[in-house]
Amino acid sequence: MARMKFLCDAERCIECNGCVTACKQEHEVPWGVNRRRVVTLNDGLPGEKSISVACMHCSDAPCMAVCPVDCFYKTAEGVVLHDKDLCIGCGYCFYACPFGAPQFPQDGAFGLRGKMDKCTFCAGGPEEDNSAAEFKKYGRNRLAEGKLPACAEMCSTKALLGGDGDVVADIYRNRVLKRGKGAEVWGWGTAYGKPEKSATPPAGAKS
Amino acid sequence: MILTRKSTKAASSQYPSQNRLARGASAFLGNTIDRRTFLRRSGLAAGGAAALSQLPFSMMRKAEAADKAPAGKLEVKRTICTHCSVGCAIDAVVQNGVWIRQEPVFDSPINLGAHCAKGASIREHGMHEISHRLRTPMKLNGGKWEKISWDQALTEVGDKLMKIKKESGPDATFWIGSSKHNNEQAYLLRKFVSFFGTNNMDHQARICHSTTVAGVANTWGYGAMTNSYNDEQNSKCILFFGSNAAEAHPVSMLHTLHAKENGAKVIVVDPRFTRTAAKADTYYRIRSGADVAFLMGMLHHIFKNGWEDKEYIKARVYGMDKAREEAAKWTPDKVEEVTGMKEAEVRDVAEKMAKNKPSTIVWAMGQTQHTNGNAIVRASCILQLALGNVGVSGGGTNIYRGHDNVQGATDVGPNPDSLPGYYGIATGSWKHFANVWGVDYEWIKKQFASQAMMEKPGLTVSRWADAVLEKNELIDQDNNLKAVVFWGHAPNSQTRGKEMVDAMKKLELMVVIDPYPSATAAMAAMVRKDNVYLLPAATQLECAGSATASNRSIQWREKVIDPMFESRTDHMIMYQLAQKFGFAKEFTAKIKLSKGKGGMDEPDMEDTLREINRGVWTIGYTGQSPERLQAHMRNMHVFDIKTLRAKGGKDAKTGYVLDGDYFGLPWPCYGTAAIKHPGSPNLYDTSKHMMDGGGNFRANFGVEKDGVNLLAEDGSHSKGADITTGYPELDHVLLKKLGWWDELTEDEKKAAEGKNWKTDPSGGMIRVFMKEHGCHPFGNAKARAVVWNFPDPVPLHREPLYSPRADLVEKYPTHADQKNRWRVPVLFKTVQDANKDAGKMYPLIMTSGRLTEYEGGGDETRSNPWLAELQQEMFVEINPKDANDRGVRNNEYVWVESPTKARLKVKTLVTERVGAGTVFLPFHFAGWWMGEDMKKYYPEGAAPIVRGEAVNTATTYGYDIVTMMQETKTTLCQVSKA
């Protein structure tokens with residue numbers, strides 16, 4: 001069983017926002033809700049780096065830990081999903097998430113946020129795979145179609161990698177070796193623990 | 001607390017998704033095998049319930065209402081992104097005529113499935129409900145937009161244009177075509193306007209790369225990118241000088257960054273620390289407008305240190321000694337005075353380029369859009385010639401074009417000084433095309449005011465407003481312009497917006513043919529009450545046709561969906577206007593008609609391409625038959641990413657053997673399709689045989705100049721050529737002299753007698769010369785470092801007309817005023833002298849450029865909510881020092897005022913991306929006019945979501961002396977708190 005992971009290669013990300021609009025159009029996410037966004041550090045200065053950020057589908061996800069109604073669940077592939085029927089829009093997950101992933105469709109005082117929305121790793125939600133109900137609440141379920149997240153698949157420079165953690169780690173390791181520098185991995189340590197740990201394939205996994 | 005409630009069934013069974021990651025990314029590890037894994041369209045082939053889930057939100061209700069009705073078949077249409085010139089392939093999933101999804105094409109050797117923000121959201125074009133398109137024909141009536149029928153629109157527009165033609169002559173009209181038209185439409189528009197009787201036509205290439213086309217073609221033969229995006233993977237050093245590829249051509253960075261990972265040095269020299277610079281190894285800041293000085297400064301170091309390629313220069317370059325003399329004058333102190341760059345910086349770039357070969361230079365509008373643009377691009381060519389980098393894989397001049405088909409529209413489209421294929425407009429050229437078109441030369445001549453007007457280059461798009469406003473005795477045609485047809489053009493991409501609005505006001509008639517009403521409609525409605533017509537055109541996703549990417553590869557688009565709303569394809573509108581004007585029969589004399597929208601006739605796109613194939617020999621648009629191009633589109637996976645060449649392969653549908661073809665048959669693809677020239681991946685490459693896409697520099701400027709041989713020296717020729725020295729271009733006399741005439745068939749002899757390679761309709765001479773003897777039909781000559789037919793034969797630095805440096809204006813003055821260029825006077829010295837002290841009131845250099853999210857004038861992309869959300873406001877980038885000195889802070893409204901007194905109300909972005917003394921504004925915005933939102937001037941529901949000040953409302957006068965390219969990159973302004 002593969003463990004799905006995201007990784008953004010800051011040496012390659014050019015802040016083109018292709019991942020953002022790929023997500024928007026694939027799931028028809030409404031204006032104001034950003035399941036994925038690109039963050040730039042040192043904008044306009046030497047050392048400028050951009051990274052594309054969404055839900056990292058953490059190994060020990062803080063959102064799951066804090067949710068008072070326990071609406072989160074994790075698939076066998078490590079994708080963190082949630083049930084909008086259970087969500088009460090309290091926003092605890094938003095405070096807990098180190099990546100700012102949870103989004104809320106409405107502005108306003110506490111209780112008026114609406115159901116939380118976030119990146120699903122293009123894996124839908126609890127409804128039947130590829131059903132109309134699933135699409136309406138969570139967007140498309142590309143994993144069920146044998147595809148990977150639209151953002152990573154369409155990334156202009158192949159900076160954003162999404163898929164089996166072992167393959168992602170392999171690709172990235174090769175790049176780092178070739179460059180001879182830059183092993184710092186944005187968000188990886190926070191989301192998936194130390195690189196050494198996650199680089200070891202789980203028993204029975206096939207890359 | 002890991003809860004596992006659910007696993008995705010399909011994915012857990014076989015992991016087909018794992019291959020997709022490997023395909024997407026591992027190709028760039030140098031391992032290209034995984035990418036070849038068969039792409040499973042598992043989700044796309046499924047029907048029934050799965051199909052329902054593929055419907056977008058907006059379609060959901062409709063689909064549910066249809067209840068158990070059988071869902072339509074899912075079709076996958078392969079098209080090409082219509083935004084920039086990279087040419088990214090897209091698989092559009094269509095059901096019941098609705099574009100429901102978009103999938104990456106991993107097989108494309110150009111983009112490998114990758115997209116920028118624009119390409120990843122292009123499906124918005126099929127989203128009926130959220131569209132901000134122009135839905136019906138409209139006319140301005142008493143200052144209000146009013147819906148009218150197509151019949152009424154065509155009748156009124158046709159009658160009014162005919163009336164103007166009758167009363168004021170055909171030259172009183174101006175037709176602005178589009179670099180977004182496909183090749184066939186662009187070609188037809190050239191023919192259409194010719195039959196209307198004028199050369200007054202142009203398109204965006206004028207204000208995009210006209211200086212490149214003229215400068216580069218005059219240096220060595222063809223005015224195009226010499227290599228390709230992919231070929232950068234073979235480079236050891238890449239210099240971006242006048243290009244911000246990370247934002248303007250994001251997917252090209254796929255290849256650049258791969259090259260970088262393999263050790264190539266990436267250098268950016270730019271007034272701004274661009275996002276491209278953020279990815280470079282080396283960045284140096286230069287003062288805007290100092291380009292020639294920098295390039296000459298580099299050459300100074302190259303010659304001083306003996307880094308030039310002496311043998312290459314001797315064998316293949318004419319006049320390098322003159323360039324050397326000029327470079328000798330550019331001592332480091334002078335270079336620093338003009339460019340602001342230190343000696344060590346300039347030397348560093350020169351050394352890296354010289355010692356890491358093959359090295360390439362990349363440019364876009366940073367070099368071209370200057371009053372001395374033609375000189376800047378030629379200086380870049382000279383740099384690459386001195387280093388022996390041209391005609392070399394990994395080297396070359398990688399000139400990134402703008403629009404998706406600006407290269408193609410330049411090659412075969414509506415140019416005021418040339419028929420398709422750069423044939424020019426002399427009598428012989430018209431006769432050649434009369435023949436190709438199947439119409440009588442005398443009949444065409446009768447359409448024009450006179451033979452003199454038929455052979456006089458028309459007005460340029462950059463100057464049409466002057467042809468309206470200028471005193472009649474100063475313009476070189478009988479009447480001032482009375483009507484302008486905007487056929488896919490954004491006026492806010494042109495400079496001097498303030499004066500353009502005055503011109504719009506004065507016109508008798510304005511016609512806008514566009515999928516979006518564009519800023520043209522709003523600007524017109526702001527100053528006019530009537531005689532403005534808007535006709536809704538289909539997009540390129542709503543018709544089939546071919547588009548030429550920047551690397552000269554031609555890709556065939558399938559039609560994704562039918563034209564939405566009441567829109568019609570551009571070629572249908574052309575045909576219907578031709579009917580109105582009474583030349584429909586001549587217009588399609590040799591092109592069959594097919595049924596378009598509503599069963600109405602339109603010229604068949606494949607058949608139009610066949611006509612192009614029959615006529616455009618000069619630049620090798622003859623071998624790209626629709627059948628060959630379509631076979632390429634179906635078999636993208638057989639083409640190698642680094643070389644673009646097919647390693648084997650047979651098209652399953654037609655049996656066409658792909659082996660040896662380069663992807664998209666990059667022009668020149670000489671001779672008829674039958675001789676199977678593979679296309680030319682890198683121009684002028686002598687290391688390859690002609691039939692393998694090799695070549696050499698063109699013999700287009702005579703055989704000698706002042707007693708100096710212009711042909712290539714002995715031993716310099718394309719691989720395997722039977723002539724091993726320089727030779728002139730091919731004609732019937734040469735072929736006979738060589739004793740090869742009898743290798744022609746009898747039919748070919750008949751056709752070729754008295755002709756040259758460009759006019760022989762059989763292609764027989766090319767076949768014998770090239771295929772049988774390995775020789776280049778356009779001859780084998782030297783490139784020219786001295787272009788003696790230009791005002792500055794050796795590139796000179798000349799200060800911009802609006803320069804902040806009065807001292808440098810003295811030292812490096814601009815040209816003298818010109819009485820008549822392209823039918824209008826053009827001022828240089830007068831303007832520069834009058835504004836010598838403009839820097840006192842307007843001390844900041846104002847420059848402009850692109851954003852990733854938007855394209856061109858931006859009306860189309862600013863109407864796409866997925867893009868609009870990402871850039872919601874027009875802004876000015878200003879250095880913290882300049883901001884602090886003016887008491888303005890980040891994200892505040894300011895007025896940007898230029899010497900024209902135009903004022904732009906924009907938000908500040910305080911950043912060190914720009915140096916002190918320079919401000920940057922993006923050029924994609926329109927819809928505000930000097931502080932006022934123009935929403936009320938747009939037809940209802942058709943205003944773009946995001947509107948803002950157009951930078952070009954404030955830009956100033958200034959044109960390239962050779963091509964009338966506008967100056968957008970260097971002018972002056974002042975910023976103050978709003």
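Helices here are DSSP runs of at least four residues, numbered from the N terminus. With that in hand, let's walk through this structure, which is a predicted model.

Start with helix H11 of chain B, residues 253–261. What does the covering? The buried residues of H26(B) include Ser518(B), Thr520(B), Met523(B) and Met526(B), along with Ala519(B), Ala521(B) and Ala522(B).

Now for some open space. The second largest pocket has a volume of about 770 Å³. Which residues sit closest to its centre? Out of 33 lining residues, they are Val213(B), Ala214(B), Asn218(B), Asp417(B) and Tyr422(B). Helix H9 (residues 210–220) of chain B supplies the largest share of the lining, namely five residues. Sorted by class, the lining of this pocket has 14 nonpolar, 13 polar and six charged residues.

Next, the aromatic rings. Over all chains, the count comes to 39 aromatic pairs. One of them is Trp430(B) with Phe448(B), an edge-to-face pair at 5.3 Å centre to centre with 70 degrees between the planes. This pair links distant parts of the chain, 18 residues apart: Trp430(B) belongs to helix H21 (residues 427–437) of chain B, while Phe448(B) is in the loop between helix H22 (441–447) and helix H23 (451–454) of chain B. Are these two rings' residues buried or exposed? Trp430(B) counts as buried because its relative accessibility is 0%, and Phe448(B) is buried too, with a relative accessible area of 5%. Tyr957(B) and Tyr959(B) make another edge-to-face pair, at 5.1 Å centre to centre and 85 degrees between the planes. Both of these tyrosines, Tyr957(B) and Tyr959(B), are buried.

Chain B also has an open sheet of three strands, in the order S32-S31-S33, with mixed pairing. Strand S32 (932–933) and strand S33 (948–949) are at the edges with a single partner strand each, so one side of each has no neighbour in the sheet. Strand S31 (residues 927–929) runs parallel to S33(B), and two bridges join them. Look for Trp928(B) here: it stands opposite Glu949(B) in S33(B).

Finally, a few backbone details to check by eye. Two peptide bonds in chain B are cis with omega near 0 degrees: Lys357(B) to Pro358(B), and Trp667(B) to Pro668(B). Pro358(B) is found in the loop between helix H17 (343–355) and strand S12 (359–363) of chain B, and Pro668(B) in the loop between helix H30 (626–634) and strand S21 (704–705) of chain B.

Positive phi turns up at non-glycine residues as well. Asp70(A) has a phi of about 55 degrees and lies in the loop between helix H2 (62–66) and strand S4 (72–74) of chain A. With a relative accessible area of 32%, Asp70(A) is partly exposed. Leu112(B), with a positive phi of about 45 degrees, lies in the loop between strand S3 (98–104) and helix H6 (117–120) of chain B. Leu112(B) counts as buried, since its relative accessibility is 1%.

Technical notes. Residues numbered from 1 in each chain as written. Chains lettered and ligands numbered in written order. Predicted model: local features only at pLDDT ≥ 70, side-chain atom pairs only at ≥ 80, totals over all residues. Heavy atoms only, no water. Buried < 20%, exposed > 50% of the residue type's maximum accessible area, 1.4 Å probe, protein only. Pairing = 2+ DSSP bridges. 1 Å grid on protein atoms, 1.4 Å probe; cavity = no way out; pocket = protein on both sides within 12 Å on 5 of 7 lines; lining within 4 Å. Points joined across faces, edges and corners; volume = space filled by probe spheres on them. Nonpolar A, V, L, I, M, F, W, Y, C, P; charged D, E, K, R; others polar. Phe/Tyr/Trp six-rings, centres within 6.5 Å; stacked < 30°, edge-to-face > 60°.
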